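Colleague: I would like to learn how to read the features of a structure, one at a time. Could we go through them slowly together?

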Amino acid sequence: TVELLEPALEDVTVTVSTVDFDAVAGEDYLAIDGLEVVVPAGQRRATFTVTVLADAFDEPDEAFILRIDDADGAAVADPDSLVVIRS
């Protein structure tokens, strides 16, 4: 989910990507590279999905980074968020 502090007067477009942390793209989740997510004018949030892949064996929780590469129409307070895949 991309969330704004308050509804914007115009559409806000952010570009998001995933970055491996200890989870590995292609093994633990499907990578996103340059996905544009639009928060429509008058709204505060927009959602998108990162697909998590099933493991063939038990392993501890792993994580990847969700990065906002670019934002049009809003300032970004923190471009990186840690996403944990729970086993």
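Colleague: Leaving aside its neighbours within four places in sequence, which residues is threonine 15 in contact with?

Modeller: Please keep in mind that this is a predicted model. A contact is read from the distance between heavy atoms, with a limit of 4.5 Å. Threonine 15, which lies in strand S2, is in contact with Gly34, Leu35, Glu36, Arg67, Ile68, Asp69 and Asp70, once its neighbours within four places in sequence are set aside.

Colleague: Is threonine 15 buried or exposed?

Modeller: Here one compares the relative accessible area with a cut-off, and buried means under 20%. Threonine 15 has 15% relative accessibility, and therefore it counts as buried.

Colleague: How should I read a pair of aromatic rings, and how many aromatic pairs does the count come to here?

Modeller: A pair of aromatic rings is described by the distance of the centres and the angle of the planes. The count comes to one aromatic pair. Tyrosine 29 and phenylalanine 64 form this pair, with 4.2 Å from centre to centre and 20 degrees between the planes, and it is stacked. Tyrosine 29 lies in the loop between strand S2 (12-20) and strand S3 (33-39), whereas phenylalanine 64 lies in strand S5 (residues 62-72), so the pair ties together parts that are 35 residues apart in sequence. Tyrosine 29 is buried, with a relative accessible area of 0%, and phenylalanine 64 also counts as buried, at 3% relative accessibility.

Colleague: How many salt bridges does the count come to?

Modeller: For a salt bridge one looks for a side-chain nitrogen of Lys or Arg within 4 Å of a carboxyl oxygen of Asp or Glu. The count comes to four salt bridges. In one of them, glutamate 3 is joined to arginine 45, and the closest N and O atoms are 2.9 Å apart. This pair links distant parts of the chain, since glutamate 3 belongs to strand S1 (residues 2-3) and arginine 45 to strand S4 (residues 45-46), 42 residues apart.

Colleague: Which residue forms a salt bridge with aspartate 80?

Modeller: Aspartate 80 forms a salt bridge with arginine 67, and the closest N and O atoms are 2.7 Å apart. Aspartate 80 is in strand S6 and arginine 67 in strand S5, 13 residues apart, and the pair links distant parts of the chain. Aspartate 80 is partly exposed, with a relative accessible area of 30%, and arginine 67 is partly exposed as well, with 28%.

Colleague: Where is the place of serine 87, and what does serine 87 touch?

Modeller: Serine 87 has its place in the segment after strand S6 (80-85), and at 64% relative accessibility it counts as exposed. Not counting residues up to four places away in sequence, serine 87 touches Glu59, Pro60 and Asp61. A polar atom of the side chain of serine 87 lies 2.5 Å from the backbone oxygen of glutamate 59, and the side chain of serine 87 also reaches the backbone oxygen of proline 60 at 3.1 Å.

Technical notes
Residues numbered from 1 in each chain as written. Predicted model: local features only at pLDDT ≥ 70, side-chain atom pairs only at ≥ 80, totals over all residues. Heavy atoms only, no water. Helix = DSSP H or I, 4+ residues; strand = E, 2+ residues; numbered from the N terminus. Buried < 20%, exposed > 50% of the residue type's maximum accessible area, 1.4 Å probe, protein only. Polar contact = N/O pair within 3.5 Å; in protein donor to acceptor, adjacent residues only side chain to side chain. Phe/Tyr/Trp six-rings, centres within 6.5 Å; stacked < 30°, edge-to-face > 60°.
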